Every structure is written in structure tokens, then in C-alpha cells.
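Student: Hi, I have a new structure open and would like to talk it through with you. Could you start me off with any term I will need?

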Amino acid sequence: MYLHLYWTHGTPTGSVTMSFPTLDRPQVRSPSVGWTIPCLLLFVACGESSSARPDPPLVEGERLGTAGAHEHGIARLGLAVDGTRLTVDLQLPAESVFGFEHAPRSAEERATVAEAIDRLRTGGARLLAFPDGVTCALDSAEVEAPEGMEDDHAGEDQHAHEDEGTQHEEVHLLASLTCSGEPIGPASLRFADILPDVVQVDLTVFTAAGEAAGRVAPDASFRF
Ligand SMILES: [Zn+2]
């Protein structure tokens, strides 16, 4: 009842494998667990699972960008479910958070940075729409911004590396959430409120049943 199509990284044009498994459904397995997941999973489910095993997560998207690549407008989001605990690991260009990538040069830019960092620090749970019936609340969140950007007291003449925007900078959010139940099932991204400048997301989802990854829209649906 399931049609699985999967492409293996390195053979972008060929070898589409279709299978109609009965009991043991194939899972996309990556030889290296982490950010460099060499698989794109395209999964079409038609019907109810008769198995008691939990479904693996599902992300329908394009192939992930290069691990660690700095691409304006592209966020890298890792979501890891461990029971009722959800870890949100988000990394993206400072330009896509603040609108610029240099240390703030004016009171207005300093306010923009402070406000955006605060929005990220408190908004980890609002980046997602969780599976039906599950609510998740932020336990802790840490935002790492480039040195000189997060400093409220940054003056006009400090930070030697505060050059004229020729270097690229990244912002990192690491948030831990506790949910009312295990957050397994259909969910979606909701970047528009918190990070409206993000145009695509390299999403990787980890659960006890497996992992899935893909480059998706900032409001894409996926399944934990
Ligand atoms: Zn940049």
C-alpha cells in the first residue's frame, strides 16, 4: 500500500527505485548521521499502516544544500524528537535575521539586532505548528550571534573585525522544548512570523523511528 521513491545522492538523474513492501517497509538510511544526509526521500503514502511500528519522519523537498554553506535566505533547521522532548537547532545567515551582516552602526540597527535576537530566543516554539493535540513550550534557548552584533553597548569605534560587511556571519539558535505528548505526526514550519526573510529551509528531522531531510519552503508540511 506504500509507494516509496527514493533517489540516492550522486545519481541525480537515475535509479529510481520503486517497491511495494509488505511487512518490512524500507527506511531511508543514511550512512552518516548528521547534517550531511545524502538522501532525498519522496514518499507517497496511500492508506493506513497495518504495522505497529511507528512511521519514520517524512520531509518532501529538494536535496539539502552543502552542509554548513552560507546562503542568504536559507536556514538550516534540525529537529530532534526524544520522547516528549524536542530540540530545535537553527542556523542561518545573520543577513536573514537582521537584514544586514555587519555590526550595528546606528541606534536603529542596534535596536533591530536586539529585537531580532529576542524574537529568536523566545520564539523557538513558534517556528513550528506541532502535530494535532500536542503543544510544546520552550524550556531553554540560546542564541549565538556574531561578536559585536549582540553587544548592546557596542560603540561606534570598537571591534576591530567590524569591517564594512565584507565577511559573512551566522546566527545560531539552540532551543529545548517540552511537549504535552510525543510530537509525532503531521506538522509544518512557520517561519513567516519569526524570520520572514527566510525563503527556504534545509530541514532535517530525527525521531526514534528514523530521520528525513530536504530543502523545503518556510511553511512546508512534514511529518515527525
Ligand atoms: Zn552573508
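Tutor: One term first: two strands are said to pair if DSSP finds at least two bridges between them. Please also keep in mind that this is a predicted model.

Student: Which strands does S4 pair with, S10 for instance, and in which sense?

Tutor: S4 pairs with strand S10, which covers residues 200–207, in the parallel sense and over seven bridges; within that pairing, Ile74 has Gln200 of S10 as its bridge partner. S4 is also joined by seven bridges to strand S5, residues 85–93, and those two run antiparallel.

Student: What do S4 and S5 form, and what is in the turn?

Tutor: They form a hairpin with two residues between the strands, and Gly83 in the turn has a positive phi of about 65°. Asp82 stands opposite Arg85 in S5.

Student: Switching to the inside now: which residues touch the most other members of the largest nonpolar core?

Tutor: That core has 44 residues, and the ones touching the most other members are Val59, Ala75, Val88, Val97, Val201 and Leu203. Strand S4, residues 74–82, gives the most to this core, with five residues.

Student: And what is Val201 in contact with, leaving aside its neighbours within four places in sequence?

Tutor: With those neighbours set aside, the contacts of Val201 are Ala75, Leu77, Leu189, Phe191, Val216 and Pro218.

Student: What about Arg63, where is it found?

Tutor: Arg63 is in the loop between strand S3, residues 39–45, and S4. Arg63 counts as partly exposed because it has 15 C-beta neighbours inside 10 Å. From C-alpha to C-alpha, Arg63 and Val216 are 9.0 Å apart in space, while 153 residues apart in sequence.

Student: Last one: of the contacts with a separation of 6 or more, what share comes from residues 24 or more positions apart?

Tutor: Such residues account for 72% of those contacts in the protein chain.

Note on methods. Residues are numbered from 1 along each chain as its sequence is written. This is a predicted model: local features need pLDDT of at least 70, side-chain atom pairs count only at pLDDT 80 or more; totals for chains, interfaces and linings use all residues. A nonpolar core is a set of buried Ala, Val, Leu, Ile, Met, Phe, Trp, Tyr and Cys residues joined through C-beta atoms within 7 Å. A residue is buried if 20 or more other C-beta atoms lie within 10 Å of its own, exposed if 12 or fewer, and partly exposed in between; C-beta atoms are placed from the backbone. Helices (H or I, at least four residues) and strands (E, at least two) are DSSP runs, numbered from the N terminus. Two residues are in contact if their C-beta atoms, placed from the backbone, lie within 7 Å.
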